[in-house]
Amino acid sequence: MNPPDWTRHPPALTPGYFSSITRSPREGLIPLDPALADCTGPVFGAGDIGPMDSDLIRNAAQPGAMALGPRIIVHGRVLDEAGRGVSGALLELWQANAGGRYRHARDGYLAPLDPNFSGCGRVLTDADGGYRVETVMPGAYPFPNGPNAWRPAHIHFSVFGLAFAQRLVTQMYFEGDPMIRHCPIVATLPSAAAVEALTARYDPDHDRPMDARAFRFDIVLRGRRATPMAL
Amino acid sequence: MKQTPSQTAGPFLHIGMMPDPARGVRPLSPVMPADPVTLYGTLFDGEDAPMGDALIEMWQIGGIWARTATDDQGRWRLSAAKPGAVPFVSLWIIARGINTGLHTRLYFPDADWASDAAMARVPAARRSTLVASDTGDGAYRLDIRVGGAGETVFFDV
């Protein structure tokens, strides 16, 4: 497995994002022999996915109802660093509703819950590494990080590739959102290119006309070797 | 192509990773060993405060995998296979404030951890942060400290 690319991932301590101050190791990471990192993980399959898991507009809605908010399609491919599609990757998604409120006991934001939206989705990549989900555009919301900090609209992604070292948690932003450049969590990223890599592009060729706009977000995992050690 | 960057999982990771089955998406099933032992402990931040909003995943030989969220006291508990040829389990920790998931290991005290290749790279004075205590009844305890005195060893996996 290729090593983590620390020109792309945020460092542990990023004082502008206050929560990192007490939650960042100060001793350096101990390097592992790359062969030790090739541990294969659980293999998830269709049996782990429910028929509505990738439809966040309906998967927590009352019968016949739908979530409130701008309807969007999020799609793309999961790839390795060589550009090969990663088939059978599992994506877990979660997000706030269209008003910027999470369905979570600890979220006390003023915006109301949507009784027809949970903000949880899941999808497996197809033979080419492709995936597609339908949801509503999440709202921006404030968070405690100084006098006035806001999160841009974003969707959280958790990705299982084929090996432990490919495990990734990240967030997807939306092209053109003016909140991106003000966000202390976005600012943990080490470069403008890293921010770009997390910004989904409006993709009108995949819109469903008179229904939903499409955004494209590709995910690149660490490259695998031809013969990972079966650890 | 360049790797997609990591971002923090934030405080509400439970929505996507420990979903409420009553709301449509059911939780992923752990891959359990035949004869499990219990691993448990408390997760602390760099100021000794328990981390009550974290998630820990365990990866072990044979595709054994499980995850748990910490409770509001920072406590976690997982089932693992008994120590065999490989004297450790791999742990991966994400939470609000953790920008890139942290990789560490739990070594079983009754296994031959001292001759493990990765342990050999750890300064001797810090090795004890990775070795669990046998608390009886097939249970092993390891407290994990993300920073501060006794900071746990984390690996660049």
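**A strand covered on both faces**

Mentor: Strand 6 of chain B has buried residues on both of its faces: B:Leu102, B:Thr104 and B:Leu106 on one side, and B:His103, B:Arg105 and B:Tyr107 on the other. Keep in mind that this is a predicted model. In a regular strand, side chains alternate between the two faces of the sheet. That is the reason for reading the residues as two sets.

Strand 6 covers residues 102-107 of chain B, and six of its six residues are buried, so the strand is largely enclosed by the rest of the structure. The cut-off behind this is that a residue is buried if 20 or more other C-beta atoms lie within 10 Å of its own.

Next, consider the partner of this strand. Strand 5 of chain B, residues 88-94, pairs with strand 6 of chain B in the antiparallel sense, over six bridges.

Leaving aside its neighbours within four places in sequence, B:Ile94 is in contact with B:Ala9, B:Leu13, B:Ala54, B:Leu55 and B:Gly101 in chain B, and with A:Val169 in chain A.

That last contact leads to the place where the chains meet. The contact takes 69 residues from chain A and 53 residues from chain B. On the side of chain A that touches chain B, several elements supply at least two residues each, including strand 8 (154-160), strand 9 (168-174) and helix 1 (192-197) of chain A. Strand 9 of chain A gives the largest share, four residues. By type, the residues on this side of chain A divide into 33 nonpolar, 20 polar and 16 charged.

Strand pairing also crosses between the chains. Strand 1 of chain A pairs with strand 10 of chain B, residues 155-156, in the parallel sense over two bridges. Here A:Ile30 stands opposite B:Phe155 in strand 10 of chain B.

Back in chain B, there is a hairpin to compare with the pairing described above. Strand 7 (residues 133-136) and strand 8 (residues 139-141) of chain B run antiparallel and are joined by three bridges. B:Asp134 has B:Tyr140, in strand 8 of chain B, as its bridge partner. Two residues lie between the two strands of this hairpin, and B:Asp137 in the turn has a positive phi of about 55°.

Positive phi values turn up in loops too. B:Asp48 is a residue other than glycine with a positive phi, near 70°. B:Asp48 is placed in the loop between strand 1 (36-44) and strand 2 (55-60) of chain B. With 12 C-beta neighbours inside 10 Å, B:Asp48 counts as exposed. In chain A, A:Met210 is not a glycine either, and has a positive phi of about 65°. A:Met210 lies in the loop between strand 10 (199-202) and strand 11 (213-216) of chain A. A:Met210 is exposed, with 5 other C-beta atoms within 10 Å.

Chain B has one helix and 10 strands. Its radius of gyration is 16 Å, close to the 15 Å that the globule rule gives for 157 residues, so chain B is as compact as a globular protein of that length. Buried residues make up 47% of the 157 residues in chain B, and the six residues of strand 6 of chain B are buried. Among contacts in chain B between residues at least 6 apart in sequence, 61% join residues at least 24 apart.

Chain A has one helix and 12 strands. Its radius of gyration is 18 Å, close to the 17 Å from the globule rule for 231 residues, so chain A is as compact as a globular protein of that length. Of the 231 residues of chain A, 45% count as buried.

Last, the confidence scores. Chain B averages a pLDDT of 94, and 100% of its residues score at least 70. The model scores ipTM 0.96 and pTM 0.96.

Notes:
Residues are numbered from 1 along each chain as its sequence is written. Chains are lettered from A and ligands numbered from 1 in the order in which they are written. This is a predicted model: local features need pLDDT of at least 70, side-chain atom pairs count only at pLDDT 80 or more; totals for chains, interfaces and linings use all residues. Two residues are in contact if their C-beta atoms, placed from the backbone, lie within 7 Å. Ala, Val, Leu, Ile, Met, Phe, Trp, Tyr, Cys and Pro count as nonpolar, Asp, Glu, Lys and Arg as charged, and the others, Gly among them, as polar. Two strands pair if DSSP finds at least two bridges between them. The radius of gyration is taken over C-alpha atoms; the globule rule is 2.2 Å times the number of residues to the power 0.38. pLDDT is the predictor's confidence in each residue, from 0 to 100.
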